[in-house]
Amino acid sequence: MFIFLILAAFGLKSGASDFLLYYIIGFIACFALSQGAVIWVFISEIFPNAVRAQGTSLGSTTHWVMAALVSWVFPIIVENIAGGGFYIFLFYAIMVVVSFFFIMSMPETKGKSLEQIQEELK
């Protein structure tokens with residue numbers, strides 16, 4: 001995801017965006033195969049049983065509010081800031097790096113019961 005976002009950012013900066021569509025499609029494909037699919041499973045597994053419904057609800061709400069915010073802010077930045085396309089895609093690429101380190105700090109949930117996951121989080 002990072003590589004495709006960087007390619008899109010520099011493609012917009014240089015004005016040579018002949019491959020921009022491919023960069024965006026590459027990002028979407030990488031996202032769909034990683035964070036896009038995993039987040040819903042992770043949200044449902046990471047909260048203790050006592051607060052699972054509230055935690056899942058909070059996680060889902062946060063996800064959709066941030067998705068709406070990104071969709072709302074993107075055209076404003078691109079249209080009102082010189083080189084806005086470059087800066088917004090660069091920002092997204094930086095956020096992918098931040099999310100990578102956050103995800104690496106989360107416990108592995110594969111093949112574990114909910115009780116085992118909760119024990120690791122203590």
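Helices here are DSSP runs of H or I with at least four residues, and strands are runs of E with at least two. With that in hand, welcome to this predicted model: its chain comes to 6 helices and 0 strands. The chain is more spread out than a compact globule, because its radius of gyration is 17 Å, well over the 14 Å that the globule rule gives for 122 residues. You can look for this in the C-alpha trace, which spans about 55 × 25 × 20 Å along its principal axes.

Let's turn to how the chain packs. Among contacts with a separation of 6 or more, 54% are between residues 24 or more positions apart. Of the 122 residues, 23% count as buried. The chain exposes about 8400 Å², and 74% of that comes from carbon and sulfur atoms. As for charge, there are 5 positive and 7 negative side chains, with the centres of the two sets 5 Å apart.

Now let's zoom in on one residue, Arg 52, which you will find in helix H4 (residues 52-80). Is Arg 52 buried or exposed? Its relative accessible area is 15%, so Arg 52 is buried, the cut-off being under 20%. Its side chain has polar partners to inspect. A polar atom of that side chain lies 2.5 Å from the backbone oxygen of Ser 44, and a polar contact of 2.5 Å joins the side chains of Arg 52 and Asn 49. Leaving aside residues up to four places away in sequence, Arg 52 touches Ser 44, Glu 45, Ile 46 and Phe 47, along with Leu 114 and Gln 118.

Definitions and conventions
Residues numbered from 1 in each chain as written. Predicted model: local features only at pLDDT ≥ 70, side-chain atom pairs only at ≥ 80, totals over all residues. Heavy atoms only, no water. Rg over C-alpha atoms; globule rule 2.2 N^0.38 Å. Buried < 20%, exposed > 50% of the residue type's maximum accessible area, 1.4 Å probe, protein only. Contact = heavy atoms within 4.5 Å. Areas by Shrake-Rupley, 256 points an atom, 1.4 Å probe, with all protein chains shown as cover. Lys, Arg positive; Asp, Glu negative; His and termini not counted. Charge placed at Lys NZ, Arg CZ, Asp CG, Glu CD. Polar contact = N/O pair within 3.5 Å; in protein donor to acceptor, adjacent residues only side chain to side chain.
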